[in-house]
Number of protein chains: 2
Amino acid sequence: MSEKTQKSTRARWKRATSYDVAELAGVSQSAVSRVFQDGASASKQMRKRVMAAAGKLGYRPNAIARGLITQRSNMVAVIMSQQTNLYYPEVLVQLTQHFSNHRIRVLLFTLKSEGDIDSTLEQVLQFRVDGIVTAAMLSRAQLATVQDANIPIVFYNRSLPDIPSNSVRCDQEEGERWLVAELFDSGHRTFAIVSGPEDSSVSTERTTGALQKLREKGVDGVTIVTGDYGYDSGRSAFAGIVDRRGGPPDAVIAANDVMAIGCIDEARESYGLDVPGDVSIVGFDGTGPARYAAYDLSTVRQPVKRMTEAAVSMLIDRIGNPELSAEKRVFSGERIRGSSAEFAADLD
Amino acid sequence: MSEKTQKSTRARWKRATSYDVAELAGVSQSAVSRVFQDGASASKQMRKRVMAAAGKLGYRPNAIARGLITQRSNMVAVIMSQQTNLYYPEVLVQLTQHFSNHRIRVLLFTLKSEGDIDSTLEQVLQFRVDGIVTAAMLSRAQLATVQDANIPIVFYNRSLPDIPSNSVRCDQEEGERWLVAELFDSGHRTFAIVSGPEDSSVSTERTTGALQKLREKGVDGVTIVTGDYGYDSGRSAFAGIVDRRGGPPDAVIAANDVMAIGCIDEARESYGLDVPGDVSIVGFDGTGPARYAAYDLSTVRQPVKRMTEAAVSMLIDRIGNPELSAEKRVFSGERIRGSSAEFAADLD
C-alpha cells in the first residue's frame, strides 16, 4: 500500500471528533453526544448549534466505537441458507425492514447449505451482534455456544425439541395434514410426495406431517422422491414418480410451491395430463408464483409478515432483557384452495 | 434494567481477553493475535497451544474492536430498494456469498423506495463500512457525501452520467432494442409498454431503449402504462392497454418478467386471447418464473452471477486501493427466445 493510499484509508476513520464539534459550537462534548444520541434530551437551540458545527466539520458519530462503549452494536445477525426456496428472500426483506424500524441493522450470513453453519457461527459471534435470527438449524452444541456468549437467538421456522429456545414458526405439519385430509376426503387414494433437500428441517416437517395423515387415513404405497426446492427438480420428480409407479398417482404433494409448479408443467407438457382432472398437485408457502393463473396452486401460505414481526419483537425483547424465559410462537398457515387440486367444495 | 440484566448484557462484551489466553498458554499476547489473524504466520504447535487455551477460556477475538484498530471493519453495506422485482433477492444472495468468500460481511439496508435513501445513507456512513454496493440511485450530492467520507462505492445497475463513479450494470437499453427489433422484424406494428415504478432508474432505461428503437422503426402511437413490477400490476396494465386502445396491440413490452406474466394471464383469462397468436408479450430479467412452461418468456436475462462477481471484485480492489480510478462495466444480457412472442426464427 502506498503512503498516499494509507493516508486516504485512514481518512475514513480519523475524522473530526465530537470534541472538535464541541469546540466549534462552544458547547461541552457531552452536549454533542446528547444531540447525536437517540432519545437523549437536548434543546432545539443546542441541537441547531451542534448540527451546524458538525456539518461544517463533516462530523459523523462512529456507530461502531459507540457500540464498544455502550456494549450494544445495534447489529443483529440474520442467518439464511442459500436454498432456492422462494419465500426466503421475502422473509429477509421483511426482517430487515422491521429491524430497521427499531434502528437496528442486519448483518447477513448466507450458508451454502444448512450443514455449513459451524464457521459462520464463529464469525457471527466475533462481530459482537446484539442478537441472532436464524433460518438455519443449529445443533445442541452450537446453540450452547451462542447461549454461553449470552447472545439472544430466535429460530425462524425451526425449533429444537426439549431445549428452552426462542422460535417463531409456521405449523408445517398442520398445513400438510390439512392438504392431505382435503385430498383424501375428496376421493384421492394414491399419493406421491416430492420432498425438499435432506438437510432442510422444514421439508422434513412437511413430509412427516403428510405421511402421518396418510397413515391415519390408511393410505400406503406412497412414492417419495427428493427434490432441491427448485423448478427443474419438480419436473424431474414428477417424471420419476410416473416412472416408478407406471403412471401418475391421484395426487402429488410437493414440499414447496416451486416444485409443485415444476410437477404441473411436467404433467401437462410431457405427459399430456390435465391438472387437476388427471392428477391433483399441491404445494406449500403461498409465494408469488402460486397465484399465477396458469398454476393457481392449492397450498398453505405462511403468514410471513406476522411471523417476521414476531421474530423481530421476540429478539428485541430479549436484547433488552436477556433473562426473559424462552418462548415458542407457532402460526397456522393460511389455507389456499386453488384449482391445482380437486377439493370437495363443501368440506372444511 | 435490573442489575442482573446489566451484568449479563456486559458478559457479552467483557469476556476473556487475548492476554488471558496468552497467560494460560504461556505465550506472548502478540502470538495469540497472530494465531487469530488471517494470513499471519504461526507455527502449528503454537496454533494448537493457543487454540486449546482459547477454548478453555471461551476466548473469541472481537471483530469490531479489531476493526477500530486496523481501520477496516470488514463490513460492506449493500443498499437495495424493496421493490418487488424478483431478481433482487438473487443479486443479494450472490453478493453476500461472494463477499463472504473474501471474509467480508454484508450489512444490509433496504429502502421502501429509491426515494428513501437520505437517512439510510447517514446510517451507512456511521457504521464505518469499508465500502458500499448500492442498487438504489444516489443523487450527485449524496455521492459527494460518500466520496468525502472516502468510502468506495459501486453502483449496481445504475450509473451517474458525467461523474467518475464505479458501476456494474446490464445494458438495459441494448436488451430492449433487441426485443423491439425482433418484434418489429417479425411483423408486429402496434405496441404497448408496461413500465416499472417511476423512481426506478432501471425501468426508465428499459422504457427509453424500447421507445428509441420503436421511433427508429417509425412506430408511433405507443401506449404506455405504469406498473409496480408486481404480478397484479401486470394484469391491470394489460386491461388498461386494451381499454385505452379498444383492443390488444400486436405486442406488449413489459419492464420486467413478473409484469409480463401478469399480462399473459390477463390476456388469456380475461380476454380469451392466444399468446403469442393474438398478442406477443415480452419481459426482462430472466428470473425463475420466466422459464415456467406456461409462460416461457421471450426476455433478456441479466448475467447476475458475473455481474455480482464483478461488483464484489471492483469494490474489494478499491477498498485495497482507494486511488484506483473509476470504472464502468456493462454486461450484455442473454437473449432468450421463448414462446411468449412470435419472433421470425431466422433473424437476430
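This is a predicted model: local features need pLDDT of at least 70, side-chain atom pairs count only at pLDDT 80 or more; totals for chains, interfaces and linings use all residues.
**Exercise 1.** Determine how many helices and strands chain A has, and decide whether the chain is spread out or compact.

*Solution.* Step 1: chain A has 13 helices and 12 strands, where helices (H or I, at least four residues) and strands (E, at least two) are DSSP runs numbered from the N terminus. Step 2: the radius of gyration, taken over C-alpha atoms, is 26 Å for chain A.

Residues are numbered from 1 along each chain as its sequence is written, and chains are lettered from A and ligands numbered from 1 in the order in which they are written.

**Exercise 2.** Classify A:Glu334 as buried, partly exposed or exposed, and locate its strand.

*Solution.* Step 1: A:Glu334 lies in strand β12 (residues 334–336) of chain A. Step 2: a residue is buried if 20 or more other C-beta atoms, placed from the backbone, lie within 10 Å of its own, exposed if 12 or fewer, and partly exposed in between. Step 3: A:Glu334 has 13 C-beta neighbours inside 10 Å and is therefore partly exposed.

**Exercise 3.** State how strands β1 and β3 of chain A are joined.

*Solution.* Step 1: two strands pair if DSSP finds at least two bridges between them. Step 2: four bridges join β1 (residues 75–81) to β3 (residues 131–134), and these strands run parallel. Step 3: A:Ile79 has A:Thr134 in β3(A) as its bridge partner.

Notes. The radius of gyration is taken over C-alpha atoms; the globule rule is 2.2 Å times the number of residues to the power 0.38.
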